[in-house]
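Me: Hi! I'm new to this one, could you walk me through it?
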Amino acid sequence: MTVSVTLPERSQTAAPVRPTAFAEKPSLLGLDREELGEALRGKGVPEKQIKMRVAQIWNWLYVRGISDFDHMANVSKDMREMLKTHFTIARPEIVEEQVSNDGTRKWLLRFPPRGAGRPVEVESVYIPEEGRGTLCISSQVGCTLTCSFCHTGTQKLVRNLTAEEILSQLLLARDRLGDFPDREIPVGTMMPSSDRKITNIVMMGMGEPLYNFEEVKKALLIATDGDGLSLSKRRVTLSTSGVVPEIYRTGDEIGVMLAISLHAVRDELRDMLVPINKKYPLKELIEACRNYPGLSNARRITFEYVMLKDVNDSLEDAKGLIQLLKGVPAKINLIPFNPWPGTNYQCSDWATIEKFADFINQAGYASPIRTPRGRDILAACGQLKSESERMRKTERLAFEAMMIANHGEDDD
Ligand code: SAH
Ligand code: SF4
C-alpha cells in the first residue's frame with residue numbers, strides 16, 4: 001500500500017518515508033512476552049524454542065526497531081516465512097508529518113479499523129529541548145470526558161487505542177528521528193542510550209489514559225522494559241484528569257511518574273472545568289496523590305494548571321493551590337491556555353501568569369510556566385484532534401492568522 005505524506009509549505013521531512021501497511025494480520029507489537037510466546041506456540045514453534053525465540057524477536061522489535069521480518073538476521077528463513085505468513089510488525093500509516101519552526105514535530109497517524117469500525121487517526125508530538133526530547137503520546141481517539149477548555153473534550157470518544165497502537169507511536173517517532181541503531185551494527189552490540197533523541201514520554205496527547213488502563217499499562221511496561229526500548233520509568237509521565245481508583249493502580253502496577261490535570265483548587269470550579277471532579281472530588285484526588293508510591297523530593301507529582309483569564313488565575317487561587325498541595329511532593333506546571341476554534345476561554349495575560357508563578361515560586365515551587373511549543377502546527381496541549389475534526393486548509397490559515405494577531409508570532 002502506498003503512503004501519502006502531505007507536507008504543508010512550511011514543513012519538511014527528515015528522512016524518506018518507509019512503506020507501511022495496514023495490519024491485515026495480527027501484530028506482534030504490543031504483546032507482552034507471555035502473549036508473544038503464546039502466538040508462536042499457536043503456530044507450531046516447539047516448546048523448547050519458545051523462550052529463545054521470544055528473546056530474539058523482542059530484541060529485534062524493541063532494541064533494533066525493525067519493521068520487516070526479513071531483517072531478523074539470526075532467525076532462520078523458514079521461521080521468518082512463517083512469521084510473515086501469520087503476523088505483521090508494520091508501522092501505522094503516516095498521513096501527515098509537520099515540523100514547526102521551533103523544531104517540534106507532529107505526526108498524524110492512521111490506524112486500521114478494529115472489528116466493524118472505521119480507520120482512526122491520532123496525533124503524536126515530539127518536542128526537542130536542551131538535553132532531552134519528549135514524545136507526547138495519545139491513548140484514545142477523542143475522549144469521553146468533557147473538560148470545558150479542552151479541544152479533545154469536544155470530540156466524542158471514537159475508541160480506545162490498543163497497546164500496539166499506543167506503542168507504535170513511539171516506534172514510529174523513533175524511526176522518523178533516526179533513533180534506532182543502524183541495521184548494519186552486529187547483533188548483540190550494546191547500544192548507548194545517552195544520545196537518544198526521545199528521552200522522555202508523556203501520556204498527554206488525546207484521551208484519558210486511565211479510561212484505557214489495561215492497554216496503556218501494557219504499552220508502558222513494554223516501553224520501559226530494560227531489555228527493549230529501555231525508557232526509565234522516571235522519564236515516563238502519565239497525565240490524568242483524576243480517575244482516582246486507577247491512580248492507585250498506576251502506582252502499584254505501572255510505576256511511572258504521575259501528572260494531575262488540576263486546573264482548579266475549589267470543587268465548585270473544578271466541577272465545571274474538569275467534570276470528572278463530580279465523581280472524584282479534590283479531597284479524594286489529593287489523598288490518592290499523597291499515597292502514590294515512591295514519592296520523594298526527587299520524585300514528585302506534577303500538577304498541571306491551565307491559566308484561564310478571569311477564571312482560575314487570581315492570587316486567591318494561587319494561595320489555595322499551595323494550601324491544597326501541602327505535604328504532597330509536588331511540581332506545578334502552569335500551562336498558558338492554548339485557544340482553539342470555538343472556545344469561549346482566553347489565556348490569562350502574561351503579567352497575571354507571572355504574578356501567579358512568582359507567588360508559587362516564593363512558596364518553594366520552581367520554574368512553573370510551560371512554554372507552548374509547536375503552536376504554528378497546532379501541536380500544543382489541547383490542540384490535538386482527529387480526522388473528523390481536522391480543519392480544512394482555509395480554516396487553518398484563518399485560525400493561524402487569529403493566533404498570530406492574539407499572541408505575536410514569536411511570543412514563545
Ligand atoms: N486526559 C489527560 C491527558 C491529556 S491532556 C488529562 O486530562 O490529563 C494533557 C494536558 O493538556 C492536560 O493537563 C489538559 O488539561 C491540558 N489541556 C487540555 N486542553 C488545553 C488547552 N486548550 N490549553 C492548554 N492546556 C490544555
Ligand atoms: Fe479528556 Fe484530558 Fe481533554 Fe479532559 S483534558 S477532555 S480528560 S483529554
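Reply: Happy to. Let's begin with a rule for rings: those of Phe, Tyr and Trp (its six-membered ring) pair if their centres lie within 6.5 Å, and planes over 60 degrees apart count as edge-to-face. Keep in mind that this is a predicted model.

Me: OK, how many aromatic pairs does that rule give?
Reply: The count comes to three aromatic pairs. One of them is W58 with Y62, which is edge-to-face, at 4.9 Å centre to centre and 70° between the planes.

Me: And where do W58 and Y62 lie?
Reply: Both are in helix α2, residues 47–63. They are four residues apart, about one turn of the helix.

Me: Switching topic: where does ligand 1 sit?
Reply: Ligand 1 is in the largest cavity.

Me: Which residues are closest to ligand 1?
Reply: G207, S239, S261, H263 and N338 are the closest, out of 22 residues that surround the ligand.

Me: How much of ligand 1's accessible area does the protein cover?
Reply: The protein covers 95% of the 530 Å² that ligand 1 has on its own.

Me: What classes of residue are in the shell?
Reply: The shell has 11 nonpolar, nine polar and two charged residues. Strands β8 (236–240), β10 (301–307) and β11 (330–336) each supply at least two residues of the shell.

Definitions and conventions: Residues numbered from 1 in each chain as written. Chains lettered and ligands numbered in written order. Predicted model: local features only at pLDDT ≥ 70, side-chain atom pairs only at ≥ 80, totals over all residues. Heavy atoms only, no water. Near = heavy atom within 4 Å. Areas by Shrake-Rupley, 256 points an atom, 1.4 Å probe, with all protein chains shown as cover. 1 Å grid on protein atoms, 1.4 Å probe; cavity = no way out; pocket = protein on both sides within 12 Å on 5 of 7 lines; lining within 4 Å. Sits in = over half its atoms within 2 Å of the grid points. Nonpolar A, V, L, I, M, F, W, Y, C, P; charged D, E, K, R; others polar. Phe/Tyr/Trp six-rings, centres within 6.5 Å; stacked < 30°, edge-to-face > 60°.
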